[in-house]
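Biologist: I am new to this structure and would like to learn how to read it. Please take me through it one feature at a time.

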Amino acid sequence: MREVRASRGQGQSPSGIGTLDLSWVVLLMYVLAALELACLFMQFSIMPYLSRRLGLDSVAFGYQQTIFGVLQLLGGPVFGRFADQRGARAAFTLSFLASSALYLLLAAACSPALPGVALLFASRLPGALMHTLPAAQMVITDLSAPEKRPAALGRLGLCFGVGVIFGSLLGGTLSSTCGIQCPVIVALVVNLLGAILSFTCIPTSTKGASAHAQAALPGKPEASLFDLKAITCLLLQPGVLPVFLVKVICGFPSGLFMVMFSLISMDFFQLEAAQAGYLMSFFGLLQMALMANVFHFCLLMPGLVFSLCALNVVTDSMLTKAVSASDTGTMLGLCASVQPLTRTLGPTLGGLLYHSFGVPVFGHVQFAVNFLVLLVLWRQPMPPKVDKAW
């Protein structure tokens, strides 16, 4: 690890890193991403039950979901620029510290002696800086050749599956056996460990010499961290906006259903916390049928999960190839804002659709949107291959 940091400090390109050092850095990215995602899904598995215990109805639950989504939506692009300018170590450390603050407030909200509702809403605030997955995508993008990037980013999809499986299982099981506060405390300890590993083991920067040269051209002032013009200009580069729109439009119906799943599992399927955790684990494992009235639902999940993974891997790879090496973090931050956008609009729109038309409407919307996008793309000419210089 010292050699990685030293080589980065000397401004060498990624190809100048030893193969052993590079493999250790990439492996650490996968481990940290899987840990953070497992903690995130532990939180998701208990949030509706904690909200119900604190006396919140579905409308108030939607409000706190929307607050979390808005904060992540606003924080994603800014965090991406922070990662580009301050480096991988600072980005990972900041993300894990923010996650630790969230779980600390959430653990306090579980205590009957404290104002639980206020602390529950306050726990949403650190969400603006919780972007470990985009940070891992940035590092892997920086350290992988363009032709190997889809496979490297695809392995992060495996980490996502691992996080869904173990996070949902642990969240449901620990809350049922040890109390609803137990998964939150475990997530707090894991994120503090992640912050320590990030600060001590991750290189200061993973950008190559060419990326640093592009970021600091003579006579060109460095853009501010909150420069929205510099962030939005990335979308206007050739080959970026059409791919980004496909990512947003195709991912929105699936994200809409995932936002509503916690309420659907309680109201429609009548599942307890542990059972909902098992069903969420199926999204990653793709082979668990919990009970007869959700069997057909389980049969539909492989297609949903496969399409989401393929969409994210392909679009993220195309978008990072279309921008300069010094802007990969910002681009991935914009990509990370797609899911929070769904989480912002999803509770209101999803609740309206669910109460008006029932569960099947989510499948109808998904089919209609994807079919229309397919027709539009079918009529488009094949775009030229766009790649960035290293």
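Biologist: What should I know about the source before I start?

Modeller: This is a predicted model, in which local features need pLDDT of at least 70 and side-chain atom pairs count only at pLDDT 80 or more, while totals for chains, interfaces and linings use all residues. Residues are numbered from 1 along each chain as its sequence is written, and side-chain values use heavy atoms, with hydrogens and water left out.

Biologist: How many helices and strands does the protein chain have?

Modeller: Helices (H or I, at least four residues) and strands (E, at least two) are DSSP runs numbered from the N terminus. The protein chain has 16 helices and 0 strands.

Biologist: How do I read a pair of packed helices?

Modeller: Two packed helices are described by the angle between their axes and the distance between the axes. Axes are lines fitted to C-alpha atoms, for helices over the stretch in contact, and angles run from 0 to 180 degrees between N-to-C directions. Helix α6 (residues 132-143) packs on helix α7 (residues 149-178) at about 155°, with the axes 10 Å apart. That angle makes α6 roughly antiparallel to α7; the cut-offs are under 35 degrees for roughly parallel, over 145 for roughly antiparallel, 65 to 115 for roughly perpendicular, and oblique for the rest.

Biologist: Which residues of α6 and α7 meet?

Modeller: Contact means heavy atoms within 4.5 Å. From α6 come L133, A136, Q137, I140 and T141, and from α7 come R149, A152, L153 and L156. By class, this contact of α6 with α7 has 6 nonpolar, 2 polar and 1 charged. Here Ala, Val, Leu, Ile, Met, Phe, Trp, Tyr, Cys and Pro count as nonpolar, Asp, Glu, Lys and Arg as charged, and the others, Gly among them, as polar.

Biologist: At what angle do α7 and α8 cross?

Modeller: The axes of α7 and helix α8 (residues 182-201) cross at roughly 125° and come within 8 Å. The two helices are therefore oblique to each other. L170, G171, L174, S175 and C178 of α7 meet C182, P183 and V186 of α8.

Biologist: And α4 with α6?

Modeller: Their axes are 9 Å apart, at an angle of about 165°, and α4 and α6 are therefore roughly antiparallel. Among the residues in contact are F92 of α4 and V139 of α6.

Biologist: How do I read a nonpolar core?

Modeller: In soluble globular proteins, nonpolar side chains tend to be buried together. A nonpolar core is a set of buried Ala, Val, Leu, Ile, Met, Phe, Trp, Tyr and Cys residues joined through side-chain atoms within 4.5 Å. The largest one here has 28 residues, of which M29, Y30, F92, V139, I140, L156 and I202 touch the most other members. Helix α2 gives the most to this core, with 8 residues. I140 touches M29, Y30, A152, L153 and L156, leaving aside residues up to four places away in sequence.

Biologist: Is α14 mostly covered or exposed, and what about A122?

Modeller: Helix α14 (residues 328-336) is mostly covered, with 9 of its 9 residues buried. A122, in helix α5 (residues 116-122), counts as partly exposed because its relative accessibility is 25%.

Conventions
Buried means under 20% relative accessible area, exposed over 50%, partly exposed in between (1.4 Å probe, protein chains only).
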